[in-house]
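Me: I am new to this structure. Could you show me how to read it, one feature at a time?

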Amino acid sequence: MTTSVSAVSAPSTAHSRGRNRPGRIAFYVVCTALAALFLFPIVWTAISSVKPPPEASAVPPTFLPSRLDLGNFVKLNEYGRGVWNYVGNSAGTAVMTVIGATLLSTLAGYGFSRFQFRGKGLLFVMILMTLMIPFQSILIPLFLILTGLKLQNTLFGLALVYITFQLPFGVFIMRNSFDAVPREIEEAALLDGCSSLSMLYRVMLNIVRPGIITVGIYAFLNSWNEFLAALIFMTKETSFTLPILLTSVRSGYYGSIDWGALQAGLIVTIAPCIFIFLLLQRYYISGLTGGATKG
Amino acid sequence: MSTVNLQISERRTERGGSIGRRSAGLFFVLPAVSFTVVFFILPLIFTVYMSLHDWPLLGDHEFIGLDNYSALLSDRQFWNSLWFTTRYTLLITPVIFILAFVLALLVSLPLPGVGIYRTVYFLPVVIGLGSSSLLWVWLLHDRVGVINAILTGLGLMDRPIIWLADSSYAMTAIIMSVVWKTVGFTMILLMTGMQAIPAELYEAAKVDGANYWGRLRYIMMPLLRRTFALALILSVIGSYLGFDQFFIMTAGGPQNSTISVVYWIYKNSFTNFKLGYGASLSIVLLVILVILSIIQLRLLRDETSY
């Protein structure tokens, strides 16, 4: 698995590297211009969020803030139960999803990789099959099931659903991770008298850690960012996750939209994703390429 | 629950040798399997069951056979939504692919600093589609939005466009925002495919006198077909299931012209609480997607024998 995204390839070769100076300059000009376009929406939101509130909703928009001001964040905090309630909802759901998805995927990956049992192929296919079926098409019964279990409007209920959505990817990644561990390591541990569980815990877990981190990042981001299921299952204002809170900030309290509060809310929602991605980029990309190209 | 299973599996393993090991495997996969059954397989079966009923949110449901499906055939908005979603998919897919291909070529060049560009182009992918849609609602706003300000400031437009309330601009605006958010994903897929092509092939072609475009056309493109097929499946399915962008950016308007299929399911099920009808729409969507996936997988399989 190529974890690093090192750049060698494309029809260009080492040969054309040093020779073509104007080409190189053109490359950097084009790439930098594109980078500016891609970054602009995020940077613009960040800049606007620290403007004094009147400037954040100025018509036409002003460029740089006249002074740094956290007024927009203060106003964001006036929505519903205050922004920490919603950060807590999103974080709580995400943490439960990450723990559940990594735990279940690691156990199942180990089981599918290292054991023979009846129905193994069928069960593996069943879990992966759910990749082909859009979760959007089963939301109605899920809504009834959660309501029936009295888990509607609870973080736990939402996390249960999110964990399930993560399983096909997670089990697939973890099965591959365990498959890549040489048998010899395991046999040596078996001779030392390790049981299968302590083998997993003492020997294997360290080796497959990159896979676990990959599954964890995806679980976090998908849970943190998910919109439709959260919209349907979390109908009480106190249970909203951040994306749902943002839509209610956007519709405004008295008909007029508080753009400054929306910008602040966007920053609160977006920042953790970007932070985690930049920190663990290698694992994220390996999940994408490993999970995608091997599938 | 899972810890109990683990203890049992451990004990059996210690006691029963290879047979114990056998059931141990089952115990390891059991938690994941149970979740999948309870929160995916059963709901799936239940969706089929519900689609054969008149099922209001409150009160009794009643078996009505295939009535929901025949109602669906004469549901004008359903067909409009299906056509709108198809048109959206047909429009956005080539935009994503062409842009992603160019970006992938750029970020595959062995030049210093190229990794930074790769990260920057990919960055919007990790933001939620809901958040990015809200961000673009603001960017595109006719009064406080910066896009109108820039375009009028540069003299490209006389007055601001109300992008999202005008059916001729809404599609363009939504595509612009979704491309920004998702193109990095396809870029990375294509780039990985490009990197998997052995450098010797290019070298050999070079010796044979092929220039850059020749190598691109006759070596890279054919070898990338499998990657293209995969990226195509993911992109088409993603577009077909679009909801957040329409719900947030246009709320289905103007005049219900941007209601996607998933949005129509949502409206029937969770605004009008016609759960049975929503279930029948879900089944139709599911069948359409499975057919699309199979068609595209076949494209992929033909490639393996290459």
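Reply: Start with burial in chain B. Of its 306 residues, 44% are buried. Keep in mind that this is a predicted model.

Me: What is chain B built from, in helices and strands?

Reply: Chain B has 13 helices and two strands. Next, compare its spread with a rule for globules. The radius of gyration of chain B is 25 Å, well over the 19 Å that the globule rule gives for 306 residues, so chain B is more spread out than a compact globule. Its C-alpha trace spans about 65 × 60 × 35 Å along the principal axes.

Me: Which domains does the assignment give for chain B?

Reply: Domain 1 covers 2-51 and domain 2 covers 74-304. Their C-alpha centres lie 37 Å apart. Four residues from domain 1 of chain B and six from domain 2 of chain B make the contact. On the domain 1 side, two of these residues are nonpolar, two are polar and none is charged.

Me: How many residues of chain B are in contact with chain A?

Reply: The general idea first: interface size is often given as the accessible area lost when the parts come together. Here, count residues instead. In chain B, 90 residues are in contact with 81 residues of chain A. Helix α1 (residues 2-51) of chain B gives the most to the chain B side, with 26 residues. That side divides into 61 nonpolar, 19 polar and 10 charged residues.

Me: How many residues does the largest nonpolar core have?

Reply: Again, the idea first. In soluble globular proteins, nonpolar side chains tend to be buried together. The largest nonpolar core in this model has 166 residues. Among those with the most contacts inside it are A:Ala108, A:Leu158, B:Ala32 and B:Met187. Helix α8 (residues 155-179) of chain A supplies the largest share, 15 residues. Domain 1 and domain 2 of chain B each give at least three residues to this core.

Me: What is A:Ala108 in contact with, leaving aside its neighbours within four places in sequence?

Reply: A:Ala108 is in contact with A:Val171 and A:Met174 in chain A. In chain B, A:Ala108 is in contact with B:Phe28, B:Val29 and B:Ala32.

Definitions and conventions
Residues are numbered from 1 along each chain as its sequence is written. Chains are lettered from A and ligands numbered from 1 in the order in which they are written. This is a predicted model: local features need pLDDT of at least 70, side-chain atom pairs count only at pLDDT 80 or more; totals for chains, interfaces and linings use all residues. Domain bounds come from an automatic or database domain assignment. Two residues are in contact if their C-beta atoms, placed from the backbone, lie within 7 Å. Ala, Val, Leu, Ile, Met, Phe, Trp, Tyr, Cys and Pro count as nonpolar, Asp, Glu, Lys and Arg as charged, and the others, Gly among them, as polar. A nonpolar core is a set of buried Ala, Val, Leu, Ile, Met, Phe, Trp, Tyr and Cys residues joined through C-beta atoms within 7 Å. A residue is buried if 20 or more other C-beta atoms lie within 10 Å of its own, exposed if 12 or fewer, and partly exposed in between; C-beta atoms are placed from the backbone. Helices (H or I, at least four residues) and strands (E, at least two) are DSSP runs, numbered from the N terminus. The radius of gyration is taken over C-alpha atoms; the globule rule is 2.2 Å times the number of residues to the power 0.38.
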